[in-house]
Amino acid sequence: MRRLPPLHALRAFEAAARHLHFKNAAEELGLTPTAISHQVRQLEDILGLELFHRFPRPVHLSPEGEKLFKVVRVSLDNIAGAVEELSEGDHDSPLKMSVTLAFASRWLLARLPLLRKEAGVDVMVEADDRIADLHGSGMDLAIRYAEFPGEDAEWKKLFADQIVPVCTPSLLVDHELPTPEEIVKLPLLHYRWKTKSPNAPSWERWMAQANLDIQVRPAVQSFSEEIHAIEAAVNGQGVVLASQLLVADLISEGALANISEISLPGHSYWAVFLPNHPKRQAIDRLIVWLDR
């Protein structure tokens with residue numbers, strides 16, 4: 001006979017370990033934080049081990065908790081995958097895909113009809129700048145913008161990105177490409193990069209790349225979202241350092257122009273999903289189509 005703790009205690013532990021926050025785990029499972037705490041304590045009593053270090057805050061896993069978490073997470077993922085695969089009509093259901101707001105509006109949405117026609121895949125798009133938790137959100141895959149792959153799932157690289165200066169052609173004198181010195185005299189737009197990185201794009205870094213040893217002028221407008229800075233550039237409000245992938249369609253339409261050969265390295269776009277996913281064939285077709 002297998003020696004197994006109660007499933008409800010393992011489930012509560014896995015959610016708490018994944019979030020490293022009892023309240024967030026409780027919200028996911030529809031319980032109270034007190035119930036999560038009791039169930040984790042029950043598991044610790046059964047094992048005779050401390051799975052979490054609760055002080056100092058925030059909570060973090062003990063070495064024994066880390067070891068158990070890796071096994072329980074994979075096991076629960078496999079159970080959920082098997083149940084989903086056996087569910088009636090599962091193979092015909094759309095792929096649930098989490099993407100950023102900018103990627104959805106500036107690249108993906110216009111291509112959804114082609115995706116259905118050419119790859120034979122229907123997707124349900126969840127646009128959110130928060131990173132999707134594939135272990136607890138019900139998402140089948142996510143498109144993430146990152147410098148390196150993570151260790152929480154399977155990562156397939158789709159596109160490498162560059163950060164380029166763009167503005168509406170109406171800001172250019174005689175539609176000639178300006179020099180770097182002329183570019184930094186244009187109204188500069190700024191936005192807050194979502195990922196924490198010392199290599200976040202900035203006009204200071206672009207000027208260093210252009211070998212300009214002058215003080216950068218303050219931005220005429222700052223935004224919390226890259227997509228809003230891009231829209232401001234389309235409306236002629238200034239020049240912005242933007243993802244080449246996100247502005248490619250606007251450049252081809254003539255709404256924006258890439259005004260310099262000097263660029264900054266961006267991150268890469270990755271397709272992220274859980275190993276042994278029951279919809280792996282549909283995911284693979286989607287990845288092949290995206291990576292054309």
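Q: What separates the centres of domain 2 and domain 3, taken over C-alpha atoms?
A: A distance of 27 Å separates them. This is a predicted model: local features need pLDDT of at least 70, side-chain atom pairs count only at pLDDT 80 or more, and totals for chains, interfaces and linings use all residues. Residues are numbered from 1 along each chain as its sequence is written, and side-chain values use heavy atoms, with hydrogens and water left out.

Q: Where do the domains run in the domain assignment of the protein?
A: Domain 1 covers 7-87, domain 2 covers 95-159 + 269-291, and domain 3 covers 160-266. These bounds come from an automatic or database domain assignment.

Q: How many residues of domain 2 are in contact with domain 3?
A: Contact means heavy atoms within 4.5 Å. By that rule, 14 residues of domain 2 are in contact with 18 residues of domain 3.

Q: What does UniProt list for residues 5-62?
A: An unreviewed UniProt entry lists "domain: HTH lysR-type" there. UniProt positions follow the numbering used here, feature names are shortened, and annotations may be inferred rather than shown by experiment. In the model, the span is 62% helix and 7% strand. Its end C-alpha atoms lie 19 Å apart. Helices (H or I, at least four residues) and strands (E, at least two) are DSSP runs, numbered from the N terminus.

Q: Why are H2 and H3 called roughly perpendicular?
A: The axes of helix H2 (residues 22-29) and helix H3 (residues 33-47) cross at roughly 105° and come within 8 Å. Axes are lines fitted to C-alpha atoms, for helices over the stretch in contact, and angles run from 0 to 180 degrees between N-to-C directions. Angles under 35 degrees count as roughly parallel, over 145 as roughly antiparallel, 65 to 115 as roughly perpendicular and the rest as oblique. So H2 is roughly perpendicular to H3.

Q: Which residues of H2 and H3 meet?
A: Phe22, Lys23, Ala25, Ala26 and Leu29 in H2 meet Pro33, Ile36, Ser37 and Val40 in H3. The residues of this contact divide into seven nonpolar, one polar and one charged. Here Ala, Val, Leu, Ile, Met, Phe, Trp, Tyr, Cys and Pro count as nonpolar, Asp, Glu, Lys and Arg as charged, and the others, Gly among them, as polar.

Q: Why is Ser98 called buried?
A: Buried means under 20% relative accessible area, exposed over 50%, partly exposed in between (1.4 Å probe, protein chains only). Ser98 has 5% relative accessibility, so Ser98 counts as buried. Ser98 is in strand E3 (residues 95-99). Leaving aside neighbours within four places in sequence, its contacts include Glu126, Met139 and Ile143.

Q: Is Leu20 buried, partly exposed or exposed, and why?
A: Its relative accessible area is 37%, so Leu20 is partly exposed. Leu20 is in the loop between helix H1 (7-19) and H2.

Q: Why does Asn276 count as exposed?
A: Asn276 has 66% relative accessibility, so Asn276 counts as exposed. Asn276 is in the loop between strand E11 (264-273) and helix H11 (280-290).

Q: What is the phi of Leu20 and of Asn276?
A: Most residues other than glycine have a negative phi, and most peptide bonds are trans. Phi of Leu20 is near 50°, a positive value. Asn276 has a positive phi of about 55°.

Q: Which peptide bond to Pro56 and which to Pro58 is cis?
A: The bond from Phe55 to Pro56 is cis, with omega near -5°. A cis bond also joins Arg57 and Pro58, with omega about -5°. Pro56 is in the loop between strand E1 (52-53) and strand E2 (60-61). Pro58 is in the loop between E1 and E2.
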